[in-house]
Each structure stands twice: as C-alpha cells, then as structure tokens.
2 protein chains.
Amino acid sequence: MIKKEKIPKVTIHRMAVYLQVLEDLDREGEDVISSSKLAELCGVNPSQIRKDLAYFGEFGVRGVGYFIKDLIGSIKHFLGLDHVWNCAIVGIGNLGRAILRHKGLPYKGFRIVGAFDCDPFKIGEKVGELEIICTRRLKEKAKELKIEIAIITTPPERAQRAANHIVEAGIKAIVNFAPARISVPEDVIVDYVDFSTHLIYLSFNLARTKGKNI
Amino acid sequence: MIKKEKIPKVTIHRMAVYLQVLEDLDREGEDVISSSKLAELCGVNPSQIRKDLAYFGEFGVRGVGYFIKDLIGSIKHFLGLDHVWNCAIVGIGNLGRAILRHKGLPYKGFRIVGAFDCDPFKIGEKVGELEIICTRRLKEKAKELKIEIAIITTPPERAQRAANHIVEAGIKAIVNFAPARISVPEDVIVDYVDFSTHLIYLSFNLARTKGKNI
DNA sequence: ATTTTCTTGTGAATTTTTTCTCAAATAAAC
DNA sequence: GTTTATTTGAGAAAAAATTCACAAGAAAAT
Ligand SMILES: NC(=O)c1ccc[n+]([C@@H]2O[C@H](COP(=O)([O-])OP(=O)(O)OC[C@H]3O[C@@H](n4cnc5c(N)ncnc54)[C@H](O)[C@@H]3O)[C@@H](O)[C@H]2O)c1
Ligand SMILES: NC(=O)c1ccc[n+]([C@@H]2O[C@H](COP(=O)([O-])OP(=O)(O)OC[C@H]3O[C@@H](n4cnc5c(N)ncnc54)[C@H](O)[C@@H]3O)[C@@H](O)[C@H]2O)c1
C-alpha cells in the first residue's frame, strides 16, 4: 500500500492535522471535500495535500474531491490508527497525571494501560483506574500489558534512566516530554515534545516584531 | 543584529535544542565546544549548526570553537530570552493545572501571571499562588498584568472562543494545546502543540516496521 | 451527445534546506 | 619563527520539499 519511498516527517505531522480537520467536517455532516477547501482549513497549499496523500495512494475522485469518511478511514489505516496502541506513562507527576486523566486519548487510538514511577511514596496510589507501579517492574509489566509505546514525564535528569528501563522492557517507541536528549538503540523511535520550544518560537517572533516597531 | 533574511521555523526549533544542550554543558563545567561536538550531542550535522548560527551573526572563533557561556548569552538574546515573558493560561483543567504547577518554566524565561477559566465553580479557586479569574475579565487583566503570551488549554470546541477573548485583549502570541485549528488576525502568532500528533508519528512508524517484519 | 466546469494526480519547475568543500583564522607543536 | 592541527564561516553543490501547470477523469449543463 505505502510506497517504498521515504516519507518526510512533516508529511506525517500534516497528515495528523488533515485527519483532525476531516473528523471535524465529518461530525458537521459534510460528505465530500476538495483539496483546495481542505487546504484552506488546514492553512496549507492544495497541492501540498495532494502530494502528501500521493505517498500513500490515490484517494480522490477527479472533478469531485475526496469522500470524507473514506479518506478518514484510509488515513487512519496508513497511520496505523485502525488499531488501539497500548501506552505506559513513566513519571507520574503533574504532567503524567494530566495525561492519565485526559479523556481525549482513547478516542484517538491510544490507551494508557500502565502508570510507572520510582517514588516509593507514590507506588500503589491510584490515579483513575490505574495503580502506580514501580519502574523496576516495567519489564515484567510491559509483557503482561503488551505495552507498545512509552511516554516519559520524569524530570529531565531522570529521562535517560527512564529510557533505559523502557528499552530494557523491549518497548520500541518513546515520546519524551522531558527537556533532555536521550540515547537509545537504533531500532527504538524517539519523538520529543518540548513545550518550551513552542514558547521560544513565540518569544523570538515577539522580540523581532517589537524590534521592528522601534 | 539579525539579518533581514527569513529565518526558517525549524532553525528556531533547533536553536532551542542547541540552547538546552549548551546549558547542560555549562552546568557540567565545560567552557568551549566545537560545532561537530555540539552537533553530535544534538543529533544534527555540524554545518547545520554553523548555518543556523550564521542567520544571527558570528559567534565562534576559528580553530577554537564556541565559548559556551557567550554562545548561550547570544542565543538567548536573539531568541528574546533575555527578558521574562508574562504568560496567561486559559482553561484550568488537567493540563492547565499541570503547566501552572510546573517548576521549570520561570527558569526558562516564562512566568505565568494569570489563570483564566469560564467555569463559575472554578473562579476564585487558588492554584499555587494564582487565583482563577473569569475569562471575561481577560481584557482588563491583560493590561494590568502585562500579559504577552496566552496558552490555550480549553477543550477543542472552546478553543476558538478562548482565542477570541485573547485577541480582544490585545495579546499577540498564542500557544494552543487544544487539538483544533483557530483563526486569528494576521498579526497574532499561533503555535500549535499537538500531543496526539507525536503519538501518531510513533504509530505510523510502528505500523510500518511491524509490516516489514511479516 | 457535446460542451463546460471541476478537481485530482503527477511530472516539471521552483524554492528551500541541507550538506559539502575549502580558504581564512587561530592555537599548539616543533 | 615556521609548520601542523583545528575549526569556523561562507560559497557552491546536492538534496529535499513545495508549488506550478496541465492532462485526464468525472459530473453537470446545454
Ligand atoms: N508540567 C508541565 O506542564 C510540563 C510542561 C512541559 C514539560 N514538562 C516536563 O515534563 C516532565 C515532568 O514534569 P512534571 O511537572 O510532571 O514534574 P514532576 O516533578 O511533577 O513529576 C516527575 C515525576 O517523575 C517521577 N520520577 C523521577 N524519576 C523517575 C524515574 N527514573 N522513573 C520513573 N519516575 C520517575 C517523580 O517521582 C515524579 O513523580 C519534566 O521533565 C518537565 O520538564 C512538564
Ligand atoms: N490533559 C492532557 O494531558 C492533554 C494532552 C494533550 C492535549 N490536551 C488538550 O488540552 C485541552 C485541555 O485538556 P484537559 O485535559 O486539561 O481538559 P479539561 O476538561 O480538564 O480542562 C478544560 C478546562 O477549560 C475550561 N474551559 C472551557 N471553555 C473555556 C473557555 N471558553 N474559556 C476558558 N476556559 C474554558 C473548562 O472549564 C476546564 O476547566 C484539551 O483540548 C485537550 O484535548 C490535553
């Protein structure tokens, strides 16, 4: 289905945006959409959307556009979202708890099945449905709970240690919220979510426009 | 100082990574670093770093490298981080509270000075030092507190409404955590933080490698 | 039936970004 | 003091991503 060609990371990120907008349209009862209309809603160029989709196949009808329900199904399929992924959170502090309590994730295809922390005072505590488990038991629990994705929400200086546990548990995908680079074997994918990076982007732009006005 | 040339967004994002790594090095007591060493730590190409820095000026010494403290100072300066930005959070739920309680932000140059929500049961409640204020009072409070950046952490279907309040309050920069596109006037910068996009990136890669192994 | 109007999918052109290469600058070694 | 080691900064080259342009397919209008 997917061409052998390397698909740019930005394409995957845009795909997630298209999906979000398409699901909104579907909820509003829309049936069909053209690339130019979708492009406007997503803030991109229409051929960008067509090129992005072309990495995965042909989904439109010439002269008509895209059938929204079908396109949602196709995108979900090639992004691997026609499957529920089991996730674990490592580091149950402010952010870890917020993610655990977040209602939106299961709907998007991600289920949090394990909550891990190294603080003995937290172990055994319940957060929602889940009981906080000692990080040392990650390996054993990863098998049992079939954990496929790990989310790191420890302090930055503990991120590498958390990553080591995760790798040892045989988990091959990590989202790291801690502002620290981690090193893992080649076959483990890491994606960084750095909140301050986004604030810095705004800071840079504000500082620049301020400068201009002087 | 900054050349008139358009600076790519990815450059700013990488800049934030360089800064993070440089601050770690500084804390470890390092004085000087070469672009190739820094590149290795950041997982990029050395000339990438030199090109990125060249957008802003000349900071290195040939045959030597970069003086870490000086480079941190320069990067902070041109990213606008030699100033503390006043921020407001709009939507004090799970995520809003996590950000409010997060200790790392002030150190990075961002201070949360206002917490806003529209839920009458939450208004007046204290979260840390701050009292939750009604979103309707955002305009008045934005002036008083000199709010420069707004962080949206409302449910997605409320993001546009929150954005309208923010724009009306004269705030020119928004980080939107809600998975919904918002429309704002041209002079307002919006940056989206979409957590599920990162999970989707992992999903795509896992689905692909799984497929390969079969 | 034929023409007109849309809109996709894709090769070509363009633009942007990344990487390569090397002269110039600096420090250390001899 | 001269040679050798490094390492930056920047122009050139290469690679990648985006946008353009249009043939081809589909529906609506005449
Ligand atoms: N809270 C936010 O809004 C926010 C925003 C952006 C980034 N972050 C980052 O996310 C991370 C977590 O932030 P937080 O505010 O939740 O911090 P926190 O201190 O509240 O929570 C950290 C948790 O990690 C646990 N922990 C420490 N070492 C561990 C280990 N080796 N294994 C498992 N658990 C471990 C601690 O016991 C604690 O419960 C930090 O790196 C922070 O910089 C947080
Ligand atoms: N919790 C997470 O870990 C997480 C992760 C990723 C994305 N998000 C996104 O962040 C947003 C917040 O998530 P949450 O879990 O904190 O939700 P939540 O429901 O706990 O909190 C939302 C808050 O926004 C307030 N609100 C609603 N409309 C408002 C308005 N017009 N003005 C001001 N406040 C308003 C509500 O009263 C509530 O307090 C959601 O869009 C969610 O999809 C959350």
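Q: In which sense do strand β8 (residues 173-176) of chain B and β9(B) pair, and over how many bridges?

A: Two strands pair if DSSP finds at least two bridges between them; strands (E, at least two residues) and helices (H or I, at least four) are DSSP runs, numbered from the N terminus. Here β8(B) and β9(B) pair in the parallel sense over four bridges. Tyr192(B), in β9(B), is the bridge partner of Asn176(B). This is a predicted model, in which local features need pLDDT of at least 70 and side-chain atom pairs count only at pLDDT 80 or more, whereas totals for chains, interfaces and linings use all residues. Residues are numbered from 1 along each chain as its sequence is written, chains are lettered from A and ligands numbered from 1 in the order in which they are written, and side-chain values use heavy atoms, with hydrogens and water left out.

Q: In what order do the strands of the chain B sheet lie?

A: The open sheet has seven strands with mixed pairing, in the order β5-β6-β4-β3-β7-β8-β9 (chain B). β5 (126-127) and β9 of chain B are at the edges, each with a single partner strand, so one side of each lacks a neighbour in the sheet.

Q: Which strands does helix α8 (residues 159-168) of chain B touch?

A: Contact means heavy atoms within 4.5 Å; axes are lines fitted to C-alpha atoms, for helices over the stretch in contact, and angles run from 0 to 180 degrees between N-to-C directions. Helix α8(B) packs on the sheet and touches β3 (85-90), β7 (149-152) and β8 of chain B, its direction making about 165° with that of β7(B).

Q: Through what surface do the copies meet?

A: Of the interface residues of chain A, 100% are also interface residues in chain B, so the copies meet through the same surface.
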